[in-house]
Amino acid sequence: MKKSRISVIGMGFVGLSLAVVNAHANFEIIGVESNKEKLANLRRGKTDFYEPNLSKYLNESLKKNKISFTENLDEVKNTDITFITVGTPSTKDGKIDLSSLKKVISGLYKVLKNKQAKHLVVIKSTVVPTTTSTVIAPMLKKLKNVSIAVNPEFLREGSALNDLIHPHLIVIGCVDDKNCKVLETYYKQFYKTMPDIINTDYTTAEMIKYANNAFLATKISFINSIANICQKLPLVDVNTIARAIGKDPRIGSQFLQAGPGFGGSCLPKDLSALIKFTDKFHDLNSFFKAVENVNQLQTSQVIQMLKSMKLFDSKKIIAVLGLAFKKDTDDLREAVSIKLVKNLLKKRLNINVHDPMAIENFKKIFGDKVSYYTKITDCIKNAHCCIILTEWDDYKKLNPSILKKNMKELNIIDARRILDPSKFKEFNFKAIGLGPR
Ligand code: UGA
């Protein structure tokens with residue numbers, strides 16, 4: 001069977017990952033991007049963010065002529081399926097901002113009204129329930145050759161390509177089965193073994209995405225709430241509790257890692273959009289507000305630990321290890337590091353920072369207000385405290401002798417629970433969810 005011709009609009013994180021994975025699987029891909037600088041870079045095989053294997057896949061696909069990039073929406077006409085992956089960020093008051101999406105849809109209307117053959121528009125951007133039926137579908141209603149599917153994405157940063165190649169589920173929301181089948185046929189061409197599929201309507205598909213991310217956020221705020229109680233109880237360690245409850249198949253072991261709170265471009269944004277969207281249903285969202293509230297307060301646990309170490313003094317140096325919102329990315333969106341460092345600077349502390357990937361992005365926010373280090377040992381030199389804020393593998397290898405050799409005072413805050421407390425008996429060692437020892 002002839003392979004579907006694919007276009008992807010919006011070369012952000014999801015769009016570019018989707019485009020290169022398809023090109024790598026020998027589909028002909030057109031990537032549409034309106035940002036000229038980004039476009040020029042992509043054509044030269046350069047990405048503006050780090051994701052494992054992305055650059056390798058991109059360059060291989062460019063060499064094989066499987067992928068091309070354009071700013072001209074017209075080119076979409078020559079494909080069968082268009083995935084829309086433009087950003088749906090939060091407005092200042094936390095609502096979803098649909099302006100980029102609406103602009104793309106009205107552009108597509110102008111392009112596709114001149115096309116005779118059938119065309120499927122797939123909404124991959126995360127949109128609040130009813131957006132497709134009340135905003136997008138009416139904009140394309142006059143085009144009888146065009147159908148729409150809602151196809152939410154569940155990939156994670158740091159493992160995006162792998163998640164696209166091995167998804168746990170495909171959700172397809174359509175108004176009639178025929179459209180669902182077009183997308184299903186494409187997926188059958190892509191996957192040798194078909195993942196599970198749920199076929200449903202537009203709004204249910206949209207709600208699935210929010211329910212999924214809200215549940216992940218809930219698990220994290222839940223374990224962080226337990227962790228904060230453990231901190232008051234002698235010898236109780238949240239990691240042992242997470243290990244135990246995670247064995248219960250009804251609970252599951254993933255997303256029970258206590259820490260400084262969740263960040264990133266998705267969980268905080270989607271939780272906030274869900275809350276704003278459901279505000280009109282009066283009191284039906286108090287649960288989600290609590291999940292968000294726990295997360296917003298979680299950084300203060302780290303600040304309280306520093307306070308108890310009596311380190312709020314302008315002569316003290318604090319080494320922050322890890323800036324990215326999680327490991328294997330250089331992404332700082334909603335990263336706890338930003339909130340924490342701003343707070344510590346207000347307390348006039350001297351801040352040294354290290355991160356294997358995110359230093360350049362951090363410089364764009366903090367300029368010369370903090371000191372940047374590319375080597376961990378330089379970052380902790382003469383520090384009065386070391387805070388581990390991202391779970392990078394390099395930090396897991398930190399041992400007492402390296403710290404003792406370099407630090408001025410032996411204070412550690414392990415906000416990610418990656419070190420073994422029993423190895424740090426000589427230290428003033430504090431960690432999220434580790435009760436007093
Ligand atoms: C999240 C979801 O996991 C994806 O399924 C979804 O597709 C994506 O959002 C999206 O909507 O696009 P991502 O933002 O890449 O993916 O990151 P996660 O791995 O979910 O981590 C989010 C935050 O939670 C990070 O700050 C991480 O450190 C934190 N986290 C995660 C914890 O604090 N504890 C855990 O046990 C797990």
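Q: How many salt bridges does the rule give here, and what does the rule ask for?
A: The rule asks for a side-chain nitrogen of Lys or Arg within 4 Å of a carboxyl oxygen of Asp or Glu. In this predicted model the count comes to 23 salt bridges.

Q: Which residue forms a salt bridge with R333, and how far apart are the closest N and O atoms?
A: The partner of R333 is E157, and their closest N and O atoms lie 3.5 Å apart. Because R333 sits in the loop between β9 (317–321) and α12 (336–346), while E157 sits in the loop between β6 and α6 (160–165), the pair ties together parts that are 176 residues apart in sequence.

Q: Are R333 and E157 buried, partly exposed or exposed?
A: Buried means under 20% relative accessible area, exposed means over 50%, and partly exposed covers what is in between. R333 has 43% relative accessibility and therefore counts as partly exposed, whereas E157, at 8%, counts as buried.

Q: Which residues are linked with R333 in a network of salt bridges?
A: The network of salt bridges links R333 with E157 and D331.

Q: What does the salt bridge between D279 and K289 tie together?
A: In this pair the closest N and O atoms are 3.5 Å apart.

Q: Where do D393 and K396 lie, and by how much of a helical turn are they separated?
A: Both belong to helix α15 (residues 393–396), and because they are three residues apart, about one helical turn separates them. D393 forms a salt bridge with K396, with the closest N and O atoms 3.2 Å apart. D393 is partly exposed at 37% relative accessibility, and K396 is partly exposed with a relative accessible area of 41%.

Q: Which residues gather in a patch of positive charge on the surface?
A: A patch is built from residues that have over 30% relative accessible area and no salt bridge, with like charges joined within 9 Å. Here the residues that gather in a patch of positive charge on the surface are K110, K113, K141, K142 and K144.

Q: Where is K144, and is K144 buried or exposed?
A: K144 is placed in the loop between α5 (131–140) and β6 (146–150), and at 72% relative accessibility K144 counts as exposed.

Notes
Residues numbered from 1 in each chain as written. Predicted model: local features only at pLDDT ≥ 70, side-chain atom pairs only at ≥ 80, totals over all residues. Heavy atoms only, no water. Patch = residues over 30% accessible without salt bridge, like charges linked within 9 Å, V, L, I, M, F, W, Y side chains within 5 Å. Areas by Shrake-Rupley, 256 points an atom, 1.4 Å probe, with all protein chains shown as cover. Lys, Arg positive; Asp, Glu negative; His and termini not counted. Charge placed at Lys NZ, Arg CZ, Asp CG, Glu CD. Helix = DSSP H or I, 4+ residues; strand = E, 2+ residues; numbered from the N terminus. Buried < 20%, exposed > 50% of the residue type's maximum accessible area, 1.4 Å probe, protein only.
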